Amino acid sequence: MHRLVNKRILLGVTGGIAAYKAADLVRRLQDVGAQVRVVMTQGACEFITPLTMQALSGHPVHTTLLDPTAEAAMGHIELARWADLVLIAPASANFMARLAHGHGNDLLATLCLATGAPIAIAPAMNQQMWADTSTQKNLLILQEKGIKVFGPGSGSQACGEVGSGRMLEPLEIIQHAAEVFDYQLLTGKHVVITAGPTREAIDPVRYITNKSSGKMGFALAEAAAEAGARVTLIAGPVNLPTPSRVDRVDVSRAVDMFEACMKTVEEGCDVFIATAAVADYRPTVTADHKIKKSTEEIHLTLVKNPDIVASVAEHNKRPFTVGFAAETRDVVAYAQAKLVNKKLDMIATNDVSGSNVGFNSDNNALTVIWPGGHKVLPLASKAQIAKQLIELIAIRYKD
Ligand code: C5P
C-alpha cells in the first residue's frame, strides 16, 4: 500500500449510519501513511461527532462553509488545493444528487467544486434508495464527470433489508483509493537526492566550500514528490525551505553526506540522484583552535573525499543512479566519461561557464545522457527542468 504514503486525503463524511465506519477509515488511512483531514456535513454530525473524528485524525474537523475561525486556519479553497484525493465515505443519496448537479450549498459540496484533485465516493444507503432511478441517473452523471465510485457492496443492511447499497469496508476503500494513484510516474518508489555544497572545516571558523545553492536538488525533490515518490533529500548547508512531503537530512561535511547516503542505500531505495557539489578534497586535519596569522605562507594538506555517487553505483543494493556534471568546457565529452567511469545509469550535464544557468541561478539547461541515448532539455526554470528530468528518469528506470 506504498501508493498512499504521504498522500493527502480529504475525507468527506455525509449523513448515514455507515458514518461510524469513517472513524475506522481515518485510522486505517493513517496506518498506510496517508495524511487525513476530515470534512463533515451537518447530516454526518447527527451520526458521529466531529470531536471523535478530530481526535482520530489529529486535526480540526471542518463542518461549515462560513466559519471565520476555520477559514482563518485552513480555508475551503486551501483545503481543496491541499487534497490529492477527495474521498467521500459514506456518500449518501442526497450528497450524490448534490454532487451530480454541481451544488455548492455546504462546505463539502463547495470543496468538490473547487478542487482539482480526483474525487471518489463510497456510496452507502438503503437498497431501495440505491436502486431508485434518480440515484442511478445521478450515478451515471457522476461517472461521466470522472468521479470514481467505490462499491457499494451488497448484503444485510442496518435497516434490516438485504441488497445493494452497503458501504465497502474501510480496507476495501483504501485498496481502491491506492489505485487512484497508479497513474503517477514514481508512485511507491523511494527516491534519494543529494543537494547543495559540503563544508570542509579547516579550523573552528573556516572551511572550504563552493558556490552550489542546492536549488536544482530541491527542485528535483519537489518534482519527485509530485510524481508520487517518497523522497529523502540529503542536503548540505543551504538556505532553502524543505519542499512539502520531503524528508530532509541535513549534513555538513562530505563524509557525513557519504554516510547518510550509504545508510539510505543500505535500507533500500529505488532511485538515487546526486546533484550535490561535493567537495573533492578536505583538510587532512581540522585544527582544534583558530589558526593564527603569523608566517607569510601556510600550507594546507588535503585528502580526497569519497566519491558518493560512484560508491552508490557500486553498491550491491544499487538503485537507478543518476549523476550531475557541471562543466565549463567540453561539457558532453566529460559527462560521457563520468557516466562510464562512475558506472551511472544517467548523467545530467550543464555548462556553468555562462551566468544564466547552473550555480545559484533560478534557470537551468541540461543535456541528459544515458548509455545509448541523450536528450537536450533547453533553458527553463529549475522547477520545469526538474519535472522533465524526473519524467526521463521514470521512463529509463522502467526500461
Ligand atoms: O567528479 P565530479 O565531481 O565532476 O562528478 C559530479 C557528480 O558526482 C555529481 O553527481 C556529484 O554529486 C557526484 N559526486 C559525489 N561525490 C563526490 C564528488 C562528486 O557524489 N565526492
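Guide: Let us begin with a definition: helices (H or I, at least four residues) and strands (E, at least two) are DSSP runs, numbered from the N terminus. Counted in this way, the protein has 15 helices and 19 strands. Please keep in mind that this is a predicted model, in which local features need pLDDT of at least 70 and side-chain atom pairs count only at pLDDT 80 or more, while totals for chains, interfaces and linings use all residues. Residues are numbered from 1 along each chain as its sequence is written, and side-chain values use heavy atoms, with hydrogens and water left out.

Visitor: OK, and what box do the C-alpha atoms fill?

Guide: Taken along the principal axes, the C-alpha atoms fill a box of roughly 90 × 50 × 40 Å. The protein exposes about 19,100 Å², of which carbon and sulfur atoms supply 51%; such accessible areas come from the Shrake-Rupley method with a 1.4 Å probe, and for residues only the protein chains shown count as cover.

Visitor: What share of the residues count as buried?

Guide: Of the 399 residues, 49% count as buried, where buried means under 20% relative accessible area, exposed means over 50%, and partly exposed is in between (1.4 Å probe, protein chains only).

Visitor: Which domains is the protein divided into?

Guide: There is domain 1 (2-178) and there is domain 2 (190-398), with bounds that come from an automatic or database domain assignment. The centres of the two domains, taken over C-alpha atoms, are separated by 43 Å. Six residues from domain 1 and four residues from domain 2 take part in the contact, and contact here means heavy atoms within 4.5 Å.

Visitor: How much area do domain 1 and domain 2 bury between them?

Guide: Domain 1 and domain 2 bury about 430 Å² between them, with 38% of it on carbon and sulfur atoms. Buried area is the accessible area (1.4 Å probe) that two parts lose on being put together, summed over both. On the side of domain 1, the residues that lose the most area to domain 2 are N6, K7 and R8, which together account for 74% of what that side buries.

Visitor: How many salt bridges does the rule find across that interface?

Guide: The rule finds one salt bridge across the interface of domain 1 and domain 2, and a salt bridge is a side-chain nitrogen of Lys or Arg within 4 Å of a carboxyl oxygen of Asp or Glu. The structure as a whole holds 14 salt bridges.

Visitor: Why do charged side chains pair up at all?

Guide: In general, side chains of opposite charge can pair when their charged atoms come close.

Visitor: Fine, so where do R28 and D24 sit relative to each other?

Guide: R28 and D24 are four residues apart in helix α1, so about one helical turn separates them. Their side chains meet in a salt bridge, at 3.3 Å from N to O. R28 is partly exposed at 33% relative accessibility, and D24 is also partly exposed, at 32%.

Visitor: And E267 with K263, buried or exposed?

Guide: E267 is exposed, with a relative accessible area of 56%, and K263 is exposed at 54%. The two form a salt bridge whose closest N and O atoms are 3.6 Å apart, and they are four residues apart in helix α12 (residues 254-267), so they are separated by about one helical turn.

Visitor: Changing topic, what does D203 pair with?

Guide: D203 forms a salt bridge with R206, the closest N and O atoms being 2.4 Å apart. D203 is buried, with a relative accessible area of 2%, whereas R206 is partly exposed at 34%. D203 also lies 6.2 Å from D288, C-alpha to C-alpha, although the two are 85 residues apart in sequence. D288 is in the loop between β14 (281-283) and β15 (302-304), and D288 is exposed at 68%.

Visitor: Last one: which residues does T41 touch, leaving out those up to four places away in sequence?

Guide: T41 touches V13, T14, G15, R98, D106 and L108. T41 lies in the loop between β2 (35-40) and α2 (42-47), and T41 is buried, with a relative accessible area of 6%.
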